[in-house]
Amino acid sequence: MNLLEIIFVWILYASLTSTMMIFCVILLKKLIKNHMDLRFYHALWLLVMIRLLIPFTPESPLSMFNLLPENHQHMIGYNQSIDSFYTLESEEISENEKSSDIAPIKRQTINKSNLPKEEILENKKKISFENSFSKISFQVASYIWCFGFLTIFLLIMFTAINFNKKAKKFKKVNDSQVIQILNLLKEKLKMNKNIELYYEERIKSPFIAGLIHPKIYLPRELLRMVGERELYYILLHELIHYKRKDLFYNLFETIALSLHWFNPVVWFAVKKMRFDRELSCDYGVLEILEEKEGTEYGLTILKLSSIFSNHISKKMIPAYFYENKNQIERRIMMIKTFKKSSYKISILVVLIFLLLTPLTLTNAQINTNNKTSFQNKGFSLDTPVHFNTLERALDFVNFDFKVPDTDLNNYIFDSIILHDDVLRIKFAVKNVVDTSAFTLTISKKELMEDEKKKSYEIYKGSHDEKITKKSTIEPMTIANTQGIRVTTKFNYEWTEKGIKELEKNNTKNTKHIPTIEHIEKYFIWQEDGIWYSLDYYFENNSYYGDTSMSEIPIKDMETILSSLRYTKELKNMDYVSKAWENYLYIYGDKDLRKAEKIIGFVPKFPLKLPEGFTAVSSSIGCPMYLETEPWTQLETLFQKEKDNSSEITFIQTKSIHRYGFLEKNGYDRETEIQAKIMNIEDTKMFTFEGKDKQYYMWKKDNIIYTVEFTGTFKRKENIVKFFINETPYFK
């Protein structure tokens with residue numbers, strides 16, 4: 001999506017939310033018509049104007065836009081793909097969405113199991129056409145919007161430049177009596193701004209213009225047709241406009257109309273805004289005048305309306321509008337019923353405005369709990385847990401934090417585990433297999449809070465053993481970092497029942513130890529609102545009598561803490577795990593791209609299957625090594641919602657060993673069960689039974705596919721057909 005289309009999305013979002021606000025403002029005006037002054041109405045329109053011009057506002061649970069459907073709430077969310085605008089309610093994902101790092105939440109596929117190939121191809125062509133048409137339509141719409149915006153913008157610029165050219169030829173008012181009236185009004189309004197008067201024959205109505213150097217422009221014939229008192233009211237009205245910053249409002253309204261020219265509701269709202277502003281300006285004038293002068297002011301408005309009703313200039317329409325008969329009548333009625341006491345802001349007005357501000361000037365709150373936010377980033381799979389690079393983990397963390405950025409001598413980066421917004425970055429000992437050195441835990445929430453609340457606790461373990469946990473907390477400083485040291489001791493006392501249960505699997509001849517101890521030590525500190533924990537000491541005694549211990553020297557801890565840098569500032573460490581480079585959990589398109597390189601082909605990756613099965617987890621692993629070739633495979637698990645009794649596992653690999661043995665010998669090497677040969681969708685298929693499982697295995701384009709069924713199924717072959725007909729994800 002190009003920049004123009006992204007801007008168009010923002011404009012659409014602003015237009016949609018502003019339209020909601022406009023209807024709310026109109027409704028509110030109807031409800032409180034006789035209870036609020038017009039200054040409050042003007043403030044309501046200001047909220048609408050802000051929403052029209054600024055779609056980017058903080059999220060809030062109080063926002064009225066939480067009432068919008070979720071797909072509209074996420075239009076401009078930074079976690080949501082802009083490409084979702086292209087998505088039709090079709091049953092197949094578009095090619096553009098497939099190649100996006102941030103895919104749609106759900107990828108639906110056609111149930112092809114009972115369709116002939118010709119119909120499948122026809123459906124694919126139809127869906128491809130619909131998605132392409134959707135994209136093209138959106139692109140065309142963005143170009144049309146841009147053309148309309150530029151046309152209106154150029155028209156406004158041309159009008160402004162043309163007026164400025166003509167204004168240079170206007171004559172300055174030098175009449176001493178008129179100048180005296182202007183200065184008297186400025187003094188009364190406590191205005192120090194230099195505002196000059198100009199007149200011209202071609203001007204058909206009085207107005208003030210100029211944000212930096214304001215000037216009041218008067219029709220020449222007006223100076224001849226009105227008296228001093230009437231001129232006093234006319235100039236006062238224009239000065240009130242300037243004092244109330246109405247010139248800036250006019251500018252913002254013009255920009256809003258240019259951006260939202262396609263929305264008739266915005267045009268209607270701007271007209272209402274300007275008329276309410278005129279009424280509010282009349283209120284401001286009446287507030288200055290004596291009560292008896294109100295009638296004279298109203299008569300002046302009627303006189304001007306009569307003089308200029310047939311000569312209004314059409315060239316100033318982008319900034320001003322002509323008032324019709326009904327609008328003039330409303331102004332006169334307002335002036336007639338005006339009382340100065342009615343212009344005071346009531347407590348109710350203030351309370352309503354304070355309530356409306358968070359309701360209207362905040363965006364819908366995007367659900368940030370783990371499962372939902374991660375679904376927005378990619379597929380509808382389980383909550384991400386394991387990462388083999390820091391870069392990928394950062395895609396799922398919404399806060400910044402520090403990590404070590406130096407050669408850690410004996411330690412190397414191993415992996416990252418994310419759970420409930422808590423990061424656990426594991427480091428292993430160099431050149432030692434399956435040996436954990438330490439873990440750096442990072443969290444926005446306070447760590448070890450439970451240990452502080454429950455420093456002493458007794459409970460039962462999984463083998464009926466009695467566990468006594470005791471935690472002690474004391475101050476600790478490392479590398480000028482002040483924190484606390486938490487020491488937790490676990491004492492295990494085995495019961496006879498627990499000992500018998502453990503001894504069933506005891507392959508050693510040593511006697512058990514009835515009481516053992518387990519000790520953990522952590523250094524915990526806080527920086528910039530983020531909590532960090534370093535587990536630097538571990539000691540464990542098993543009931544067989546074995547003892548294991550690991551400890552990070554203080555010198556190493558000082559090196560770790562001194563090297564902490566924010567992730568964007570890293571220079572010395574790349575945080576790419578070598579131990580887990582061929583192991584990968586799939587959470588989105590980005591992971592599938594990496595998976596493609598590991599397994600050596602583009603995998604199939606449906607997220608939904610017939611009979612209501614949905615993908616719940618997917619990963620790449622190396623189950624075993626045969627000869628010199630690693631057996632690397634992509635395994636995806638499917639389940640039904642709220643029903644784990646039946647599962648489907650779909651495995652894809654280039655490793656030929658199991659299939660080759662099956663093809664050569666007629667039985668499966670692992671289960672040692674004779675296989676049956678059948679033909680499904682013109683594909684040679686091996687099927688055989690295992691313990692609580694049934695397998696279907698076939699080969700296509702040198703890729704081995706296996707479907708494992710666990711549980712009870714009525715139409716297994718339909719699901720197998722579905723996998724056969726499924727196309728590779730990135731094709």
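This is a predicted model: local features need pLDDT of at least 70, side-chain atom pairs count only at pLDDT 80 or more; totals for chains, interfaces and linings use all residues.
**Cavities**

Three cavities of 30 Å³ or more are found in the structure. The largest cavity holds about 70 Å³ of space. Its lining is made up of His42, Trp45, Leu46, Met49, Tyr249, Glu253, Met273 and Arg277. Three helices, H2 (38-53), H9 (246-259) and H10 (264-288), each give at least two residues to this lining. Helix H2 supplies the largest share, with four residues. By class, five residues of the lining of the largest cavity are nonpolar, one is polar and two are charged.

The second largest cavity has a volume of about 50 Å³. The residues that line the second largest cavity are His386, Phe387, Asn388, Arg392, Tyr583, Leu584, Tyr585, Tyr587 and Asp591. Two strands, E7 (386-387) and E19 (584-585), each contribute at least two residues to that lining. The lining of the second largest cavity contains five nonpolar, two polar and two charged residues.

**Salt bridges**

The structure has 19 salt bridges. The table lists some of them, with the distance between nitrogen and oxygen.

| Residue with N | Residue with O | N to O distance |
|---|---|---|
| Lys172 | Glu196 | 3.0 Å |
| Arg658 | Glu670 | 3.8 Å |
| Lys693 | Glu708 | 3.2 Å |

In the salt bridge between Lys172 and Glu196, the partners belong to distant parts of the chain: Lys172 is in strand E2 (residues 171-172) and Glu196 is in strand E3, 24 residues apart. Lys172 is partly exposed, with a relative accessible area of 39%. Glu196 is also partly exposed, at 22% relative accessibility.

The side chains of Arg658 and Glu670 form another salt bridge. Arg658 is part of helix H20 (residues 657-665), while Glu670 is in the loop between H20 and strand E25 (676-680), so the pair ties together parts that are 12 residues apart in sequence. Arg658 is buried, at 9% relative accessibility, whereas Glu670 is partly exposed, at 46%.

Lys693 and Glu708 are also joined by a salt bridge. This pair links distant parts of the chain, with Lys693 in strand E27 and Glu708 in strand E28, 15 residues apart.

**Positive phi angles**

Most residues other than glycine have a negative phi. Lys190 is not a glycine, yet its phi is positive, about 60°. Lys190 is found in the loop between helix H6 (176-188) and strand E3 (196-200). With a relative accessible area of 75%, Lys190 is exposed.

Asn702 also has a positive phi, near 65°, and is a residue other than glycine. Asn702 sits in the loop between strand E27 (693-700) and strand E28 (703-710). Is Asn702 buried or exposed? Asn702 counts as exposed, at 53% relative accessibility. The strands on either side of this loop, E27 and E28, hold Lys693 and Glu708 respectively.

Conventions:
Residues are numbered from 1 along each chain as its sequence is written. Side-chain values use heavy atoms; hydrogens and water are left out. Buried means under 20% relative accessible area, exposed over 50%, partly exposed in between (1.4 Å probe, protein chains only). On a 1 Å grid over the protein atoms alone, a cavity is a set of points where a 1.4 Å probe fits but cannot get out, and a pocket is an open set with protein on both sides within 12 Å along at least five of seven lines; lining residues have an atom within 4 Å of a point. Grid points are joined across faces, edges and corners, and a volume is the space filled by probe spheres set on the points. Ala, Val, Leu, Ile, Met, Phe, Trp, Tyr, Cys and Pro count as nonpolar, Asp, Glu, Lys and Arg as charged, and the others, Gly among them, as polar. A salt bridge is a side-chain nitrogen of Lys or Arg within 4 Å of a carboxyl oxygen of Asp or Glu.
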